[in-house]
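Subject: Structure handover

Hello,

Please find the structure below. My notes on it follow.

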Amino acid sequence: MKKPVFPINYRAIELPAYNANTVRAMIGLRVVEKQITHIADNHLLVKMQAAPCNPSDIAFIQGGYNIHKSLPCVLGFEGTGIIVAVGGGLSSDYWLGRRISCFAQDDSDGTWAEYLIARPEQLIPVDEALSIDQAACFFINPFTAFGLFEIAQKRNCQAIVINAAGSRVSDFLFALAKKQQMKTIGIVRRQQTLETLIQKGFDKVLLTTEEAFEDNLKTVLHTYETCVVFDAIAGEQTGLIANSLPANAEIVVYGGLSGKAVSGINPMQLIFKNLTLTGYNLNDWMNNTDNLSFNDVRNTLSTMITSGEVQQPVNTTISMEEIVKGIRNYLGAMSDGKMLIHF
Ligand SMILES: NC(=O)c1ccc[n+]([C@@H]2O[C@H](COP(=O)([O-])OP(=O)(O)OC[C@H]3O[C@@H](n4cnc5c(N)ncnc54)[C@H](OP(=O)(O)O)[C@@H]3O)[C@@H](O)[C@H]2O)c1
């Protein structure tokens with residue numbers, strides 16, 4: 001591997017200002033030239049290969065995410081690359097040339113760049129068999145699904161409900177549930193996604209645009225004795241689902257794709273049916289998981305991908321200059337797969 005020569009000049013996608021209007025926020029993005037003069041102690045230099053766009057990136061550029069960085073900042077919360085330089089205090093023998101997936105949610109530059117400076121705790125070494133595209137999307141969604149699925153396992157669930165079920169988190173939840181012979185009920189907003197999920201093996205898929213959606217929801221949730229709902233949408237849908245659940249069920253809100261506050265929950269459900277409403281955040285799950293268990297989970301998820309048990313489809317691959325087109329394509333067909341930036 002060629003040793004990098006400092007200073008390194010590189011390109012990155014920068015966000016100059018938050019904007020609640022997605023189109024304006026997108027148009028404001030720019031490809032900028034940046035420079036790295038050295039690598040500080042306990043830091044590593046990653047030559048980035050690919051990074052995806054996730055719903056959290058969209059919420060972030062709108063200023064609607066729980067993370068706010070000092071602006072302007074380089075976008076991107078995850079990606080993959082190779083370690084090309086190692087700061088003092090870290091082992092070059094261990095790190096140099098290693099393939100990693102990375103996570104960048106602290107107040108520093110993100111992954112939509114040719115280079116990323118990271119601390120070891122932001123990196124996971126990845127299996128050589130994992131393709132660049134799969135490694136780029138490895139840090140966030142697979143682990144999120146694993147942590148969520150533990151909730152259903154602890155409750156000894158017979159059936160789980162997943163809304164926004166055409167998503168990548170849903171792909172992993174479905175694969176994990178299938179391993180345990182747990183039934184899966186999906187909720188989607190498009191007929192085409194419904195058909196894809198039925199073909200995949202979901203036990204039941206409900207379409208929110210159908211007139212009989214609410215009636216069907218109640219029937220299905222009771223028939224399958226649902227005990228956990230994984231809710232990525234929130235807003236009124238949380239209320240609709242909550243009011244249709246059998247007693248003692250739990251709704252875990254882990255996304256806010258509707259952009260709206262949770263609403264419409266009948267208090268009688270909470271009082272007399274012992275409904276539980278909780279939140280889930282990957283960062284908390286990681287903080288509560290020791291290194292040994294985390295490595296076991298990493299190996300399990302990596303094997304699920306390399307064995308073909310689950311894949312994260314990629315719909316569009318773009319260069320940095322095509323970022324606006326890429327985000328537009330992604331938002332128009334999220335269920336079809338991720339948009340990846342290749343560097
Ligand atoms: N809490 C955490 O720690 C954590 C971690 C990771 C991810 N997440 C959340 O997990 C969710 C899924 O992420 P992902 O990367 O797997 O998503 P993804 O693969 O990009 O797919 C997004 C899915 O959401 C659907 N969708 C988007 N907006 C919707 C709306 N307003 N109403 C109904 N459906 C909608 C899309 O359906 P269409 O194709 O019909 O547009 C698509 O199926 C997101 O909410 C994300 O923020 C949370």
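Strand β5 (residues 78–86) is largely enclosed by the rest of the structure, because 8 of its 9 residues are buried. Buried here means that 20 or more other C-beta atoms lie within 10 Å of the residue's own; exposed means 12 or fewer, partly exposed is in between, and the C-beta atoms are placed from the backbone. Helices (H or I, at least four residues) and strands (E, at least two) are DSSP runs, numbered from the N terminus. Please note that this is a predicted model, in which local features need pLDDT of at least 70 and side-chain atom pairs count only at pLDDT 80 or more, while totals for chains, interfaces and linings use all residues. Residues are numbered from 1 along each chain as its sequence is written.

With β3 (residues 44–53), β5 pairs over 6 bridges in the antiparallel sense, and Lys47 has Ile82 of β5 as its bridge partner. Two strands count as paired if DSSP finds at least two bridges between them.

A separate entry is the open sheet of 3 strands in the order β2-β1-β4, with antiparallel pairing. Its edges are β2 (30–36) and β4 (73–74); each has a single partner strand, so one side of each is left without a neighbour in the sheet. Strand β1 (residues 8–15) is joined to β2 by 7 bridges in the antiparallel sense, and Ile13 has Val31 in β2 as its bridge partner.

On the domains: the protein chain is divided into domain 1 (8–137 + 312–342) and domain 2 (145–283). These bounds come from an automatic or database domain assignment. The centres of the two domains, taken over C-alpha atoms, are separated by 30 Å. At the boundary, 5 residues of domain 1 are in contact with 7 residues of domain 2. The domain 1 side of that contact divides into 2 nonpolar, 2 polar and 1 charged residues. Contact means that the C-beta atoms of two residues, placed from the backbone, lie within 7 Å. Ala, Val, Leu, Ile, Met, Phe, Trp, Tyr, Cys and Pro count as nonpolar, Asp, Glu, Lys and Arg as charged, and the others, Gly among them, as polar.

Next, the parallel sheet. Its 6 strands form an open sheet in the order β11-β10-β9-β12-β13-β14. The edge strands, β11 (204–207) and β14 (276–279), each pair on one side only. Neighbouring strands are turned by 20 degrees against each other on average, direction ignored. Axes are lines fitted to C-alpha atoms, for helices over the stretch in contact, and angles run from 0 to 180 degrees between N-to-C directions.

Within this sheet, β9 (residues 159–163) runs parallel to β10 (residues 183–188) and is joined to it by 5 bridges. Val161 has Ile185 in β10 as its bridge partner, and Ala159 stands opposite Lys183 in β10. Helix α6 (residues 168–179) packs on the sheet, touching β9, β10 and β12 (228–231), and its direction makes about 170 degrees with that of β9. Helix α7 (residues 191–200) also packs on the sheet, touching β10 and β11, with its direction at about 175 degrees to that of β11.

How many residues of β9 are buried? The count is 5 of its 5. Both faces are covered, with Ala159, Val161 and Asn163 on one side and Ile160 and Ile162 on the other.

Which residues of α7 are buried? They are Thr193, Leu194 and Leu197. These cover an arc of only 105 degrees around the axis, which puts them on the same side of α7. The arc is that of the directions from the helix axis to the C-beta atoms. The buried residues of α7 pack against β10 and β11, whereas Gln191, Gln192, Glu195 and Gln199, on the other side, are exposed. Just after α7, Gly201 takes a positive phi of about 125 degrees.

Thr219 is partly exposed, with 14 other C-beta atoms within 10 Å. From Thr219 to Leu277 is 58 residues in sequence and 21 Å in space, C-alpha to C-alpha.

Regards
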